[in-house]
Amino acid sequence: MNIIRRRGWELPERAATPEHLFFNRRAFLAATGATLVAPGLASAEGAADTSDPSAHLYPAKRNEKYVLDRAITDEAINTTYNNFYEFGSAKTISRAAQALKLRPWTVKIDGMVAKPFEIGLDDLLAKMPLEERLYRHRCVEAWSMAIPWSGFPLAKLVELAQPLGSAKYLRMETFLDRAMAPGQRAVWYPWPYVEGLTIAEATNELAFLVTGAYGKPVSKSQGAPLRLAVPWKYGFKSIKSIVRFNFTDQRPNTFWEALQASEYGFWANVNPQVPHPRWSQATEELIGTGERRPTLLFNGYADYVANLYQGLEGERLWA
Ligand code: MTE
C-alpha cells in the first residue's frame, strides 16, 4: 500500500492555507458552476431532496445548549467542500456523490448485543428524538466549519441496541458498493470506511448521529442518510453513510489508522499542542471566511469530554 500517494489532507499547512482566496463567495459560486441564488437558498447539491421520505421531519427543534463561538458556515460551502473518499479524493466530490442511493437504507446492529437486528432508516428515525445542534467541525487538515446538524444522540441508538456488558467498543461501517462509489475501486484503500469509539465515548452526550443539516435531510456529500458527528475529535472520526453498528470487545482497526497508523490513530482528539507529523495543529482556517483562529483543546468541548480520558494518559490520545 503506497501511502505516499497524494491525499487531499496530506498537503502541508502552507499549501492548504490559500483556500480563502478561492472561497470568497463569488469565486466559489463561479468555480462550482452554481447559479447565484437568493440568500437562504442553497446550491443544487444542498437543495432539499423532495423525494426524501424523511423530508417532513425537518427542521427539527434546536437544542439551545450547544452554542457556537463563530458564524455558521454557508450551506453552499459546507455541501461542496468535502472529504468523502468513496466518491474521490478531491474536495469537490459533491456532484459525484449525487450517485449515492439513499433508499432503501438498512442499518445492521450486531456483535455483542442482546439480539442482533436490522432496521430500515425511516423506522429508525421514527423511534428517535430528532433535534438540531450547532456544532464545530475540525478536520485534521487544519480547517474547520460550523454546522447546524439535525439528528439524535448516538446514546439513543446504543440504548436501542442493548449491548452486552462485555462490549467495549462500537465499530461503525460505511456502505460498500463499488458500482455506485467509484472511489471504492481504488484498491489501495481498506474499504469499507470503518470508524470506532469506546462505549463511554459513544454514550457521551456530544456523540450525535446526523440525519439532517441546515433544516432538511443531510446532503449526500455530507454523508447522507446517517453520519456521525463527534466534534471533539478530528473530522475523520465522523464516519459518513453508516450501514452497520457492531459492538465488540476488540478495538476497531479504523480506515485511516489501517492506511497510515503513524499519522492517524484511534483516539484522534483535537489538541493544538500536538502537531500532526507533517503540519501544525495550532490554528485552523474557518473555511469560507479566510480567517485563521487558534485551535482549542478538544475543539472547545473539554467540559463535556475531558473526563473520558482520565487514566488513559499512556494512550496516544491526540492524533
Ligand atoms: N466518512 C467516509 N465514509 N468517507 C470519508 O472519506 N472522510 C472523513 C469524515 N468521514 C470520510 C468520512 C473526513 S477526513 C472528514 S474531515 C469528514 O468526514 C468530512 O466531513 P464533511 O465533508 O461533511 O466536512
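How many cavities of 30 Å³ or more does a search of the whole structure find? The search turns up six. The model is predicted, so local features need pLDDT of at least 70 and side-chain atom pairs count only at pLDDT 80 or more, while totals for chains, interfaces and linings use all residues. Residues are numbered from 1 along each chain as its sequence is written, and side-chain values use heavy atoms, with hydrogens and water left out.

A cavity here is a set of points, on a 1 Å grid over the protein atoms alone, where a 1.4 Å probe fits but cannot get out. Grid points are joined across faces, edges and corners, and a volume is the space filled by probe spheres set on the points. The largest cavity comes to about 310 Å³. Its lining holds 25 residues, and those closest to the centre are Asn83, Arg227, Gly235, Ser238 and Lys240; a lining residue has an atom within 4 Å of a point. By type, the lining splits into 14 nonpolar, eight polar and three charged residues (nonpolar: Ala, Val, Leu, Ile, Met, Phe, Trp, Tyr, Cys and Pro; charged: Asp, Glu, Lys and Arg; polar: the others, Gly among them). Strand E4, residues 143–153, is the top contributor to this lining, with four residues.

As for the chain overall, there are nine helices and 12 strands; these are DSSP runs numbered from the N terminus, with helices (H or I) of at least four residues and strands (E) of at least two. Of the 319 residues, 55% are buried, where buried means under 20% relative accessible area with a 1.4 Å probe, protein chains only. Among contacts between residues at least 6 apart in sequence, 74% join residues at least 24 apart; contact means heavy atoms within 4.5 Å.

Two serines come next. Serine 221 sits in the loop between strand E8 (216–217) and strand E9 (227–229). Serine 221 counts as buried because its relative accessibility is 0%. Its side chain makes a polar contact with the side chain of serine 219 at 3.3 Å (a pair of N or O atoms within 3.5 Å, one able to donate a hydrogen and the other to accept it; residues adjacent in sequence count only if both atoms are side-chain atoms). Beyond its neighbours within four places in sequence, serine 221 is in contact with residues including Thr79, Phe84 and Lys240.

Serine 241 is in the loop between E9 and strand E10 (242–248). With a relative accessible area of 0%, serine 241 is buried too. Phenylalanine 84 is 157 residues away from serine 241 in sequence, yet their C-alpha atoms are 9.8 Å apart. Phe84 is also one of the contacts of serine 241, along with others including Trp105, Glu173 and Arg227.

Threonine 198, in strand E6 (residues 194–198), is buried at 14% relative accessibility. The side chain of threonine 198 reaches the backbone nitrogen of glutamate 201 at 3.0 Å. Not counting residues up to four places away in sequence, threonine 198 touches Lys168, Tyr169, Phe266 and Trp267.

The peptide bond from tyrosine 58 to proline 59 is cis, with omega near -5°, and another cis bond joins arginine 103 and proline 104, with omega about -10°. Glutamine 162 is not a glycine but has a positive phi of about 50°. Tyrosine 214 has a positive phi too, near 55°, and is buried at 17% relative accessible area.

Key: 1 Å grid on protein atoms, 1.4 Å probe; cavity = no way out; pocket = protein on both sides within 12 Å on 5 of 7 lines; lining within 4 Å. Buried < 20%, exposed > 50% of the residue type's maximum accessible area, 1.4 Å probe, protein only.
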